[in-house]
Amino acid sequence: MRIGIVSDSHGNTRIFEKMLAVSGAAEAEMWLHAGDFAPDADDLELLSEKSVARVLGNCDLFVDGVYEEAIVEVAGHRIFLTHGHLFNVRFDTAMLQEAARAAGADIAVYGHTHIALEERGEVTVLNPGSIARPRDDQRGSFMLVELNAGEDPQVNLIRI
Ligand SMILES: [Mn+2]
């Protein structure tokens with residue numbers, strides 16, 4: 001099963017049209033939005049016609065029913081989704097990995113740094129970078145991830 005991961009759209013929801021036009025993106029069966037801004041996930045839901053799990057970022061105001069962490073169970077995997085600012089991610093992902101392990105997750109997804117990252121270990125750690133305000137490239141980025149039970153996730157980082 002394919003999922004899409006996006007973060008840090010910061011209100012630039014028009015960029016989702018460009019993202020969804022990328023080959024393969026329309027086949028994502030669900031999306032994760034790692035925050036900043038969490039309400040942008042509503043626009044992504046409308047555009048993609050798929051459900052979008054989301055969490056609050058440090059730039060997000062309180063949104064009813066949206067929290068700073070979420071667990072998403074999909075295709076035999078358990079994903080710990082959080083924005084990252086509460087887990088010292090500008091330093092490293094150790095604290096995030098520990099929280100994911102404690103939650104029984106095999107995948108941790110975060111954003112916040114606006115820098116894409118893929119780390120493989122006991123927990124697979126993924127940051128799609130920022131779709132709207134990248135700090136690691138001129139182009140925004142997102143991820144398409146193939147998830148199958150009992151297999152390591154296959155991760156494609158895509159620049160738009
Ligand atoms: Mn942030």
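The mean positions of the 13 positive and 26 negative charges of the protein are 6 Å apart, where Lys and Arg count as positive and Asp and Glu as negative, with His and the chain ends not counted, and where the place of a charge is taken as NZ of Lys, CZ of Arg, CG of Asp or CD of Glu. The model is a predicted one, in which local features need pLDDT of at least 70 and side-chain atom pairs count only at pLDDT 80 or more, while totals for chains, interfaces and linings use all residues. Residues are numbered from 1 along each chain as its sequence is written, and side-chain values use heavy atoms, with hydrogens and water left out.

The protein exposes about 7,400 Å², of which carbon and sulfur atoms supply 47%; accessible areas come from the Shrake-Rupley method with a 1.4 Å probe, and for residues only the protein chains shown count as cover. Of its 160 residues, 52% count as buried, a term that means under 20% relative accessible area, computed with a 1.4 Å probe on protein chains only.

The secondary structure comes to 3 helices and 10 strands, these being DSSP runs numbered from the N terminus (helices H or I, at least four residues; strands E, at least two). From the N terminus on, the elements run β-α-β-α-β-β-β-α-β-β-β-β-β. The radius of gyration is 14 Å, close to the 15 Å that the globule rule gives for 160 residues, so the protein is as compact as a globular protein of that length; the radius is taken over C-alpha atoms, and the rule is 2.2 Å times the number of residues to the power 0.38.

Turning to the metal, the manganese ion is coordinated by Asp 36 (OD), Asn 58 (OD1), His 83 (NE2) and His 112 (ND1), at 2.1 to 2.5 Å. Donors are N, O and S atoms within 2.8 Å of the metal (3.2 Å for Na, K and Ca), and water is not among the atoms, so sites may look incomplete.

Asp 36 lies in the loop between S2 and H2 and is buried, with a relative accessible area of 2%. Its phi is near 55 degrees, a positive value in a residue other than glycine, and a cis peptide bond with omega of about -5 degrees joins Asp 36 and Phe 37. His 112, in the loop between S6 and S7, counts as buried at 9% relative accessibility, and the phi of His 112 is near 75 degrees, again positive in a residue other than glycine.

Methods:
Buried means under 20% relative accessible area, exposed over 50%, partly exposed in between (1.4 Å probe, protein chains only).
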